[in-house]
Amino acid sequence: MSKLHDPHKVILIADDDEDDRMLFLDAVEDLNLPAAVKAACDGQELLNTLEKTADRLPDMIFLDINMPIKNGFDCLAEIRSREDALKEVKIIMLSTSKNADNIELCHKLGTDLYAVKPSSFQGLKDLLQKVFEIDWSSIQKSSNRFLLA
């Protein structure tokens, strides 16, 4: 049977902090979100994963900024410069940084949303719930793409 109408979203998270990746996975599971999550420990691993799964692109990518090998800025720029369907994938920058220059650069590079990493598990769950409830067609028309968790 075909899974063309599979209600589950595919999410990729790229974060070099193993604890943050595990908390993310736990939060998705705890919320019982309709999503399958794949994790990468750095930007290069994320890009390699995207190449391997080109037949089933993710619906969303959660991308940390500060990672070894290839940081979030570089990944974002590379994904948005592509001439294929991957450049349409929703990218949420998920960082501890509230630095205005970082936020502005992410928007210039093409992020769909910039979210500050919450300091608690409940905060992360609240953030993920908000992201899953976003009407992406309306947020693209808005200049306010900063979500403070």
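## Basis of the description

Helices, of at least four residues, and strands, of at least two, are taken here as DSSP runs and numbered from the N terminus. The model is a predicted one.

## A loop residue that is enclosed

## Packing of H2 against H3

Helix H2, which spans residues 43-52, packs with helix H3, residues 72-80, at an angle of about 25°, and the two axes are 9 Å apart. Because angles under 35 degrees count as roughly parallel, H2 is roughly parallel to H3. The crossing of these two helices is right-handed.

On the H2 side, the contact is made by Gly 43, Leu 46, Leu 47 and Leu 50, and on the H3 side by Cys 75, Glu 78 and Ile 79. Sorted by class, the residues of this contact between H2 and H3 comprise five nonpolar, one polar and one charged.

## Strand S1 and its partner

Strand S1 (residues 9-14) is largely enclosed by the rest of the structure, because five of its six residues are buried. S1 pairs with strand S2 (residues 35-40) in the parallel sense, and the pairing runs over six bridges. Within this pair, Ile 11 stands opposite Val 37 of S2.

## Two loop residues with positive phi

Most residues other than glycine have a negative phi. Against that background, Asn 32 has a positive phi, near 55°, and is a residue other than glycine. Asn 32 is found in the loop that lies between helix H1 (18-31) and S2, and its relative accessibility of 67% means that it counts as exposed, since the cut-off for that class is over 50%.

Ile 69, likewise not a glycine, also has a positive phi, of about 70°. Its place is in the loop between strand S3 (60-63) and H3, and with a relative accessibility of 69% Ile 69 counts as exposed.

How values were computed: Residues numbered from 1 in each chain as written. Predicted model: local features only at pLDDT ≥ 70, side-chain atom pairs only at ≥ 80, totals over all residues. Heavy atoms only, no water. Axes fitted to C-alpha atoms, helices over the stretch in contact; angles between N-to-C directions. Parallel < 35°, antiparallel > 145°, perpendicular 65-115°, else oblique. Left-handed = near helix turned anticlockwise from the far one by under 90°. Contact = heavy atoms within 4.5 Å. Nonpolar A, V, L, I, M, F, W, Y, C, P; charged D, E, K, R; others polar. Buried < 20%, exposed > 50% of the residue type's maximum accessible area, 1.4 Å probe, protein only. Pairing = 2+ DSSP bridges.
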